[in-house]
Amino acid sequence: MKSKRKIPFFNYPALFKAQETEIMDTLHDVMSRGAYILQRDLEEFEENIKKLIGVKHVLGVADGTNALMLSLRAAGVGHGDEVIMSSHTYIATAAAVHFVGATPVLVECGADHMIDPKSVEQAITDNTRVIMPTQLNGRTCDMDALQAIADKHGLIIIEDAAQALSSMYKGKCAGTFGLAGTFSFYPAKVLGCFGDGGAVVTNDGEIAESVARLRDHGRNEGGEVVTWGTNSRLDNIQAAILNLKLRTFIQGMEWRREIAAMYDQALRNIDDLSLPPAPDSDEKHYDIYQNYELESGHRNKLKSFLAECGIGTIIQWGGKAVHQFKGLGFDDVKLPITEKMTSRFLMLPMHTALTDEDVDYICECIIEFYSTDYTD
Ligand SMILES: *Cc1c(COP(=O)(O)O)cnc(C)c1O
């Protein structure tokens, strides 16, 4: 099916066009006020996120990676501490742990691509301090199982919820389970700004106060330096853009869930594919589909076929789990389930600028691929 239709994996210009006037008005307003650092729009944004996900404190920071580092530092995690995470995560999750002086310990994930609680428990040593689950692809992990392990072994949980704003487990939002949770507003995230952005969320007053100081050169509310800090603030202009985008955020998540339901409906009978859990297939989870990551036994051929059809797909993290990058100290780590997955996973287009026709076309192309002789 060689058609003229072009469906990029992500469509930044379309998202700008959809709100062009409001975006330009917002920029004009902020710049006319000369309001750039720690201003009203940032405070409003922090209030908006508190309401959206039901959490006491929100601190806008420079990006999702800094959000992780500041959370760890605020929790006092550092040299000698081990932090357990899934190897199927962004390198930033592990890098944040490395840069606070602690050691990332990588474990397996389950069929839904989320961290495997059994694998977590097996990795615990006397030095383990933190479980850091990644709320991957817009799904929240089985937080009951992780909390039970944390309680049993006296560990804290810090969630990397960069991909899961408003995703829920048993009606509770990702980011609000642990001592702290972190978000990224990288442009392709479900809530994306025009550059880098992030946030730390917490229900703990001391963690909130500590992150507020760490992100602003160690200064307290009076502007006095009271500890070592750094510069990691969310730009006010990005916060203003995010406030604008939040007005249509819930609709966007619903549309993503509909797209996921359409993919599921059209592709569920193809034996060679293993699809993400469908929306509402499990009453505990409310997934918001940051990504639609499936597995295929013929992933590379499928990817090339879809490219010929004009459809952009992506292999997350370049097809490598964290332990598969050489030279980072994981050369002896073996995670067979994750390794099999990284050779099979592929992400289909998933964003709010997709139309019904786009989704139908993508599904038709995949069905066509599987009706040809696709085996090697
Ligand atoms: C995007 C992402 C991050 C990092 O966010 P940045 O804002 O790019 O620093 C961390 N973890 C996960 C799982 C992510 O997807």
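A: **The ligand site**

An oxygen atom of the ligand lies 2.7 Å from a backbone N or O atom of G64. That pair is a polar contact, here meaning two N or O atoms within 3.5 Å; within protein, one must be able to donate a hydrogen and the other to accept it, and residues adjacent in sequence count only if both atoms are side-chain atoms. D160 places a polar side-chain atom 2.7 Å from a nitrogen atom of the ligand. In Q163, a side-chain N or O atom is 2.9 Å from an oxygen atom of the ligand. On its own the ligand has 380 Å² of accessible area, and the protein covers 93% of it (Shrake-Rupley method, 1.4 Å probe; for residues, only the protein chains shown count as cover).

The model is predicted: local features need pLDDT of at least 70, side-chain atom pairs count only at pLDDT 80 or more, and totals for chains, interfaces and linings use all residues. Numbering runs from 1 along each chain as its sequence is written, and side-chain values use heavy atoms, with hydrogens and water left out.

The shell around the ligand has 14 residues (near means a heavy atom within 4 Å). G64, T65, D160, S184 and K189 come nearest. By class, the shell has three nonpolar, eight polar and three charged residues. Ala, Val, Leu, Ile, Met, Phe, Trp, Tyr, Cys and Pro count as nonpolar; Asp, Glu, Lys and Arg as charged; the others, Gly among them, as polar. Helices α4 (64-74) and α5 (91-99) each supply at least two shell residues. Helices (H or I, at least four residues) and strands (E, at least two) are DSSP runs, numbered from the N terminus.

The ligand sits in the largest pocket, with more than half of its atoms within 2 Å of the pocket's grid points. A pocket is an open set of points on a 1 Å grid over the protein atoms alone, where a 1.4 Å probe fits, with protein on both sides within 12 Å along at least five of seven lines; lining residues have an atom within 4 Å of a point. This pocket holds about 620 Å³ of space. Its volume is the space filled by probe spheres set on the points, which are joined across faces, edges and corners. Of its 34 lining residues, Y90, Q163, Y186, K189 and W317 are closest to the centre. The lining has 18 nonpolar, twelve polar and four charged residues.
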